[in-house]
Amino acid sequence: MKAIRRFTVRTVLPEPLRPLEELILNLRWSWHHETLDLFREVDPVLWERVRHDPVRLLGEITPERLEHLAHDRRFLRRLHDASDELREYLTAPRWFQSLGEGPRAVAYFSPEYGITAALPQYSGGLGILAGDHLKTASDMGVPIIGVGLLYRHGYFSQSLSPDGWQLERYPPIDPNGLPLTLLHEENGDPVRVSIGLPHGHDLHAQVWLARVGRVPQLLLDSDVEDNDQAARDITDRLYGGGGDHRLLQEMLLGIGGVRAIRAYCRISGHPAPEVFHTNEGHAGFLGLERIRELVSEEGLGFEEALEATRAGTVFTTHTPVPAGIDRFPRELVQRYFGGPNEEHHVPVERILELGAENYPDGDPTVFNMAVMGMRLAQRVNGVSTLHGEVSREMFGGLWGGFDTAEVPIGSITNGVHAGTWVGREILELAAREVPSIVEAGQGWEKVRDVSEREMWRVRRVLRERLVQEARNRLRESWRGRGASEAEITWIDEALDPDVLTIGFARRVPSYKRLTLMMHDPERLRALLLDPERPVQIVIAGKAHPADEGGKRLIQDIVRFADAEDVRHRIVFLPDYDMALGRLLVQGCDVWLNNPLRPLEACGTSGMKAALNGGLNLSVRDGWWDEWYDGQNGWAIPSADGLSGPERRDALEAAALYELIEDHVSVVFYDRDASGLPRRWLEMVKHTIATLGPKVLATRMLRDYVMEYYTPAASSARAMSEDGYAGARALASWKQRILKGWPGVAVEHVESHGEESPHVGTRLEVRVVVDLNGLEPSDVAVEIAYGRVDDSDAIVEPSYLELSCQETADDGRLRYTGEVPLVRSGAFGYSVRVVPRHPKLANRAEMGLVALPPAPHGMTNGVLR
Ligand SMILES: *Cc1c(COP(=O)(O)O)cnc(C)c1O
């Protein structure tokens, strides 16, 4: 019989074991081996059966065993040590505390989080990154509060049908069976967050609190009795449904998320966030909620509240793939934010403008969440240097007439959390041989002194573990697909702990090209079966449930890997999650990545592999474009832009085969007299020594704190001081600029020194501008100069501000300046007027620029 209600009965621990509960409720165990060792000791057999999930462990342990442990002196001593250690970790000052400045608190919003496989609230890189961000913030003492949703069915778990088709299962989760606690008011009532909906009844949510080390994480959950069934189902699945369902999820995340933070800070005394960081556009409505707060509580006007909000908002864009960006029909947004649901002084027309694609090639019928996110944030970044460039190109239309290079989108390259991803044996090796890395994150170069024998031994331990666990998973998968025991005896011999092992694991959108390696199946077969230098490949990945094309790719791979002649050398392991990911990035010798450049914004799995001594074999995209150095792996040449998609696949696949055949496997199997692959190990050490300090999330978070959070916090303070005087002044200044700008013009440009220019002289430039009533202090008049290309474009221009000399009789202004001619060759210059205000973070911020009339051929860009 099927149960109509499901819940989890919590164990009551005997008094001496109480600290165990605290250890389990703080997710720090997910990256702390000593705590996991302690959990294992609670019941080693059960620990394996519950797949290292401590909450399930407590749920299923027998009272007899608990009673026994309650009298086990040795266990109790270890328990107290662990508990003391946790308390110390939670309270001791860390890196951030030594800064002496920075935001009082930062709110971090993400639709998904990958903290541990036991909390399946993530689908891929975005969520894993968010999890690593919180864990690293905890390690570094950065005062972040995480905000997300709690999905009752998480993301699906994957299995295969007999013919290799992806099957999805959404096991229900019971929050009481997870390491979460319900957030309560001081009087004991559960906190309720509500948001108004147009048809009268509100949407309610409760708030779960997870503790990620020092970082509180708030997860909103609409499955409460005050809601009707449809509303209860809003937080059913990660990225489930479309249209209304998705919009409501995002309203709950953005608007409800801010309200949850307010409740949490009120109850716990946590300082209010000064900075709001939104991880991709899904949480963008948080900006509207903060505007509403300021309008209703501080009496600001909409534009004033917008300035105050923008100043403290950081927006990170994560993908150049259009399908990864949320776009809603405008009517839908109109319906939920307009009519009877319109907030006082927060006009829906103005909201619609924030998400409008009103730039060339934009679609006038949609509301774009990324575009709104960028307009609501004064600071925007991409997630690798290349992705920053691609994003400036992609979103440049939002900043009107500025050159792409000046579009104010920066970049911070992602990083990964070492404690989560680095194999224990590697950590122990480092602690033994290069303790300065583990203790202070320094001295990476000393990795080169580690003994090669030791390094090779550890690499083999990790590869062997992968092989063993892959066999277990393979058996389970084949049984699930209906194979009999007799049919799977070959699995005992599948994969080989001494064969060069290549890993490929990722989500399966088409741009990642799961099946590129099968472009020429015969060539692949030859690589796998090479008698001297065989290769084995371990593959994993989930296709989005609605992506039939992705499922077909998985089926193609599975069918190939099912074939009797190669199945011991190529395997597809179902249900890619953090646990499997960890196994793979630790055990593989080579990490393969072959996306269509430049669609991989960053990619982080290759970073995890590198930290474990894996070598990357990848198209130069995302992070690899930045940090490939010729000795830390191999770059698959990209036929980016040269040819049609089919020809491109053929070229890149051929290059891939050639690299594996002539380089990767040659180096791997080149052994010295003692059996060690010297050259390979040199590359491994070089990889760890040089990439280690770069790919760590501590580097990433330091960059966010210094380049984004701290400046954003001071901008936000400058806006809010003296009853939001700064925000009021900036908003009214902007209105004045916007009004006057269409009449601002560069009327006349002349220069002296062009007759016989040579290096060392100066070019004197005089300009007459009409400011249309604006003050000289409102603008900067700049000369842009430098080398010009064949089309007269100035390449990487330098800028020089001109000074205002006088006001001519007709109200026009004269500016002059001198440009140094420091380089010979083709030289060009132009002049522009841009708005200037100390509270703008960037001169392109307003998208306003006035340029001289043709022949320069550009027009004044006006966009806000
Ligand atoms: C690291 C990781 C990802 C992201 O990896 P990419 O290289 O960005 O594709 C996705 N899923 C899991 C389970 C991971 O561990």
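Trainee: Which helix gives the largest share of the lining of the second largest cavity?
Mentor: Helix H9, residues 243–268, supplies four residues, the largest share of that lining, where helices are DSSP runs of H or I with at least four residues and strands are E runs of at least two, numbered from the N terminus. Bear in mind that the model is predicted, with pLDDT of at least 70 needed for local features and 80 or more for side-chain atom pairs, whereas totals for chains, interfaces and linings use all residues. Residues are numbered from 1 along each chain, and side-chain values use heavy atoms, without hydrogens or water.

Trainee: And what lines the second largest cavity?
Mentor: Its lining consists of Pro111, Leu149, Tyr151, Tyr239, Arg246, Gln249, Glu250, Leu253 and His282, each with an atom within 4 Å of a cavity point, on a 1 Å grid where a 1.4 Å probe fits but cannot get out. The space inside is about 50 Å³, counted as what probe spheres set on the points fill, with points joined across faces, edges and corners.

Trainee: Switching to packing, at what angle do H17 and H19 pack?
Mentor: Helix H17 (residues 424–433) and helix H19 (residues 452–480) pack at about 165° with their axes 10 Å apart, the axes being lines fitted to C-alpha atoms over the stretch in contact and the angles running from 0 to 180 degrees between N-to-C directions. H17 is therefore roughly antiparallel to H19, a label for angles over 145 degrees.

Trainee: Which residues meet there?
Mentor: From H17 these are Glu425, Ile426, Leu429, Arg432 and Glu433, and they meet Glu454, Met455, Arg457, Val458, Val461, Leu462 and Arg465 of H19, with contact meaning heavy atoms within 4.5 Å.

Trainee: What about H1 and H2, how far apart are their axes?
Mentor: The axes of helix H1 (residues 18–25) and helix H2 (residues 33–42) lie 11 Å apart, and the angle is about 130°. Leu20, Leu23 and Ile24 of H1 make the contact with Thr35, Leu38, Phe39 and Val42 of H2.

Terms used
Angles under 35 degrees count as roughly parallel, over 145 as roughly antiparallel, 65 to 115 as roughly perpendicular and the rest as oblique. On a 1 Å grid over the protein atoms alone, a cavity is a set of points where a 1.4 Å probe fits but cannot get out, and a pocket is an open set with protein on both sides within 12 Å along at least five of seven lines; lining residues have an atom within 4 Å of a point.
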